[in-house]
Amino acid sequence: MEKSATRIDWIGNSCRLLKATAAEFERTRPFEGLSIGTGIHLEPKTVALLTTLRAGGARLVCTGNLNSTQPSTVEFLRSEGITVFATQTTDPAAHHQSLEAVIAEKPDLLLDNGGDLFAIAAEKPYADLRGGTEETTSGRTRLLPLRERLNMPILVINDSPIKQFAENRHAVGQSLFESYLRFTNRSTNGKRVTMFGYGACGKGTAACFRNAFSTVSVIDIDPVTALEAHLDGFTTPLRDAAIRSADIIVTVTGFAGIVTAADLPLVKDGAILMNGGHFPHEIDVEAFRRHPDVIGIDRYEADQIETFHLSDGRSFHVLGGGHMANLAGPRPLGNTVESMDLGFTLQARCLERIAKGEAGPQSCIVPVPADIDAMVANAYLDLAR
């Protein structure tokens, strides 16, 4: 018999590791009697993670991230009886209200993405909070100064080697490359690409563009990392020259202010700018919009492309308003299912560890424990064999 299925069904059935973990959690119930507050991109792959946590007995209170919440995902979660405060918004104030709403529920554990929830918890501490997880490099950077105030186990998923190579290098690289094609429908052949950042995400993205016949330059403030890019076969020009030559500029550093209004005199006519970092601050799009040399902006609303026209006749294009490109624009798909299956299983196992009281304050903002990495790697390999 034929039946209608959804993308959420496709993703859920493709996350084989999470499905196996959920079956185990139904027996072991590690989160029985506990609530988990989440602030992570609300799209179909997140549903697979959230349903795994609920299988373990958790009560879920959820919100999303800026500009990545997919209404169909929110609708599905609410139909399953899960509390969701998120809306699809690019307004930081509206987003902050939804984060505050999650913390107001005083969840026992937090699953954070960018440090949003833990930053509020540091300002408004409450007794029941046991700790949780942080997904990103951006979040780790943000939370490290709050370490003494937080003083609870917070395991950083991005510091797992599995997350670094499976999701950041392979999946982010593939998805940012795919996003450029999806947004623009333009070729990469013979294009000059300047990559800001040569961490795991930058390595994967640079490789994908090079494999698609682009000439790729890398800029990284760490001279050792820049040397690595050079020895990997990428050109490593000085910053101004790299911007001047670029047909495509990609930022993926985890830091704000990478390309700013001060760089407008350098930007090549027709250049395309896109961001792959978690926060929409790496490219200062708001400063572009206010700059006196910008005499007009064309907005391709359906495609989420803006074309900025400068007084000297040049123009350049920004994809997705500077938000994370692989979760912005038309049909945002994000990272590959397999990579998120691995990363989200790390999330589930780390939250399980904290729920069982097996991680203390000395584990505040530290990498995933090595035995959890090994457990998840073995489980994935067993399914792949």
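Two strands pair if DSSP finds at least two bridges between them. I took strands (E, at least two residues) and helices (H or I, at least four) as DSSP runs, numbered from the N terminus.

**Before looking.** My model is predicted, so I noted that local features need pLDDT of at least 70 and side-chain atom pairs count only at pLDDT 80 or more, while totals for chains, interfaces and linings use all residues. Residues are numbered from 1 along each chain as its sequence is written, and side-chain values use heavy atoms, with hydrogens and water left out.

**Entry 1: the sheet.** I looked up strand β1 (residues 35-39) and found it paired with β4 (residues 109-112) in the parallel sense, over 3 bridges. In this pair, I36 stands opposite L109 of β4. Next I traced the whole open sheet: 7 strands, with parallel pairing, in the order β3-β2-β1-β4-β5-β6-β14. Which strands stand at the edges? They are β3 (83-84) and β14 (364-367); each has a single partner strand, so one side of each is left without a neighbour in the sheet.

**Entry 2: the largest pocket.** A pocket is an open set of points on a 1 Å grid over the protein atoms alone, where a 1.4 Å probe fits, with protein on both sides within 12 Å along at least five of seven lines; lining residues have an atom within 4 Å of a point. I found 41 lining residues here, and T137, C201, V252, T253 and G254 lie nearest the centre. Two or more residues each come from α7 (137-143), α9 (161-184), α10 (200-211) and α14 (337-355). Helix α9 gives the most, with 5 residues.
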